[in-house]
Amino acid sequence: MHKVVCIFPEGGFGTEEKLKRFKLGVSKILLDFFEETKINVPVYPVGITGTKIFYRPGMKLGFHVGMPIYIEDFIQ
């Protein structure tokens with residue numbers, strides 16, 4: 001069984017045309033976890049489409065999942 005955590009690094013809702021600036025808290029969480037456990041957790045970027053209006057139950061959303069990113073690749 002896998003456990004998943006979803007975090008919206010923009011800190012709020014963006015538009016489909018332009019992303020908001022990412023917050024650095026996600027990087028800090030991953031770095032602290034890696035330094036403490038030496039576990040290189042994969043992070044999957046996910047784009048959500050169909051959110052031009054506020055989501056209501058039953059609405060269809062699109063999800064685009066990118067290749068995994070690992071914090072160890074960015075540690076200098």
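1. Helices (H or I, at least four residues) and strands (E, at least two) are DSSP runs, numbered from the N terminus. On this basis Lys38 is found in the loop between α1 (25–37) and β1 (42–43). The model is a predicted one, in which local features need pLDDT of at least 70 and side-chain atom pairs count only at pLDDT 80 or more, whereas totals for chains, interfaces and linings use all residues. Residues are numbered from 1 along each chain as its sequence is written, and side-chain values use heavy atoms, with hydrogens and water left out.

2. Overall composition. The protein has 1 helix and 4 strands, arranged from the N terminus on as α-β-β-β-β. Of its 76 residues, 5% count as buried; buried means under 20% relative accessible area, exposed over 50%, and partly exposed in between (1.4 Å probe, protein chains only). The accessible surface comes to about 7200 Å², and carbon and sulfur atoms hold 64% of this. Such areas come from the Shrake-Rupley method with a 1.4 Å probe; for residues, only the protein chains shown count as cover.

3. Lys38. The phi angle of Lys38 is near 60 degrees, a positive value in a residue other than glycine. Most residues other than glycine have a negative phi. Lys38 counts as exposed because its relative accessibility is 59%. Lys38 also lies over the face of Phe34, at 5.6 Å from the ring centre. The criterion for a charge over a ring is NZ of Lys or CZ of Arg within 6 Å of the ring centre and within 35 degrees of the ring normal.

4. Salt bridge. A search of the whole structure finds 1 salt bridge, defined as a side-chain nitrogen of Lys or Arg within 4 Å of a carboxyl oxygen of Asp or Glu. The side chains of Asp32 and Lys28 meet in a salt bridge, with 2.9 Å from N to O. Asp32 and Lys28 are separated by about one helical turn, because they are 4 residues apart in helix α1. Asp32 is partly exposed at 34% relative accessibility, and Lys28 is partly exposed at 48%.

5. Pro68. Pro68 is placed in the loop between β3 (62–65) and β4 (69–70), and counts as partly exposed at 28% relative accessibility. Pro68 and Val43 are 25 residues apart along the chain, yet their C-alpha atoms are separated by 5.2 Å. Apart from neighbours within four places in sequence, Pro68 is in contact (heavy atoms within 4.5 Å) with Pro42, Val43 and Tyr44. For the protein, residues 24 or more positions apart account for 38% of the contacts with a separation of 6 or more.

6. Nonpolar patch. Tyr44, Val46, Phe63 and Val65 form a nonpolar patch on the surface, together having about 430 Å² of accessible area. Patches are made of residues with over 30% relative accessible area and no salt bridge; like charges are joined within 9 Å, and nonpolar side chains (Val, Leu, Ile, Met, Phe, Trp, Tyr) within 5 Å. Val46 lies in strand β2 (residues 46–49) and is partly exposed, at 48% relative accessibility.
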